[in-house]
Amino acid sequence: MAQQAPPATRWTLDAVGPDQRLAVKSVVLLLCPRLGHKGTGFMIEGGWVVTTAHVVGRARPSEVGGGDVDGTHGAFRRIHLDARRDLAALRPARRLSGGLALAPDDVALEPGMAVSTWGYPLGHVGATPLLSVGYLAGFAATESARGPVKQLIVNGAFNAGNSGGPLFRAGEGTAVGVVAGKPAPM
């Protein structure tokens, strides 16, 4: 029997369009109690969960737990880290279906365009992720062993805990990036 979603979850899913509904249902709350880390991840087509490396740190797969908007809790059996790019891919212990599509490398991204993410910012204790919006402010690049890594600079209300969440062109359901950090004020 299917579990009945809590009212806040039903209200959120009823209020968003089909693309954003898939986004909300693909977002995962990630917890690493031993490390004291909380963050966001998202399931991609193929069943893997993507997040940032700093969310899962050096945790073993058995030390990371995930929960989705439907209240399903899961464990992971494998973690692949790319610390230089601050990315991690987690293989769930049980096969999952669905997930977000990733945008192609040549997707049109221009400064000034609206972007959004769904995630679990620190302080939020609900099962339903919260929407954060902003604007693409520009681009940067860092070097890695495989060449330059394009970074999107966003001016928006993204907070600690949103790290690892999917970045979208506002209103769309294809991930164009991963929320990775927020510079501290000087």
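Mentor: Let us begin with a definition: a polar contact is a pair of N or O atoms within 3.5 Å, of which, within protein, one must be able to donate a hydrogen and the other to accept it. Please keep in mind that this is a predicted model.

Trainee: How far does the backbone oxygen of His-54 lie from a polar atom of the side chain of His-37?

Mentor: The separation is 3.2 Å. His-37 itself belongs to strand E2, which covers residues 37-43.

Trainee: Which residues does His-37 touch, leaving aside those up to four places away in sequence?

Mentor: They are Leu-30, Leu-31, Cys-32, His-54, Val-55, Val-56 and Gly-57. As for Val-55, 18 residues separate it from His-37 in sequence, while their C-alpha atoms are 6.0 Å apart in space.

Trainee: Is His-37 buried, partly exposed or exposed?

Mentor: Buried means under 20% relative accessible area and exposed means over 50%, with partly exposed in between. His-37 has a relative accessibility of 29%, and therefore counts as partly exposed.

Trainee: In what order do the strands of the barrel run?

Mentor: The order is E1-E2-E3-E6-E5-E4, a closed barrel of 6 strands with antiparallel pairing. On average, neighbouring strands of this sheet are turned by 40° against each other, direction ignored. Helix H2 (residues 18-26) packs on the sheet, where it touches strands E1 and E2, and its direction makes about 20° with that of E1.

Trainee: Over how many bridges do strands E3 and E6 pair?

Mentor: Strand E3 (residues 49-51) and strand E6 (residues 87-92) pair over 3 bridges, in the antiparallel sense.

Trainee: Let us turn to another strand. Is Leu-136 buried or exposed?

Mentor: Leu-136 is found in strand E8, residues 130-144. Its relative accessibility is 2%, so Leu-136 counts as buried. Among the residues that Leu-136 touches are Leu-109, Pro-111, Met-113, Val-115, Leu-152 and Ile-153. The C-alpha atom of Ile-153, 17 residues away along the chain, is separated from that of Leu-136 by 6.0 Å.

Trainee: Finally, where does Asn-162 lie, and why does this residue count as buried?

Mentor: Asn-162 lies in the loop between strand E9 (147-156) and strand E10 (166-169). Asn-162 counts as buried because its relative accessibility is 0%. Its contacts include Thr-40, Thr-117, Tyr-120, Ser-132 and Val-179.

Technical notes:
Residues are numbered from 1 along each chain as its sequence is written. This is a predicted model: local features need pLDDT of at least 70, side-chain atom pairs count only at pLDDT 80 or more; totals for chains, interfaces and linings use all residues. Side-chain values use heavy atoms; hydrogens and water are left out. Helices (H or I, at least four residues) and strands (E, at least two) are DSSP runs, numbered from the N terminus. Buried means under 20% relative accessible area, exposed over 50%, partly exposed in between (1.4 Å probe, protein chains only). Contact means heavy atoms within 4.5 Å. Two strands pair if DSSP finds at least two bridges between them. Axes are lines fitted to C-alpha atoms, for helices over the stretch in contact, and angles run from 0 to 180 degrees between N-to-C directions.
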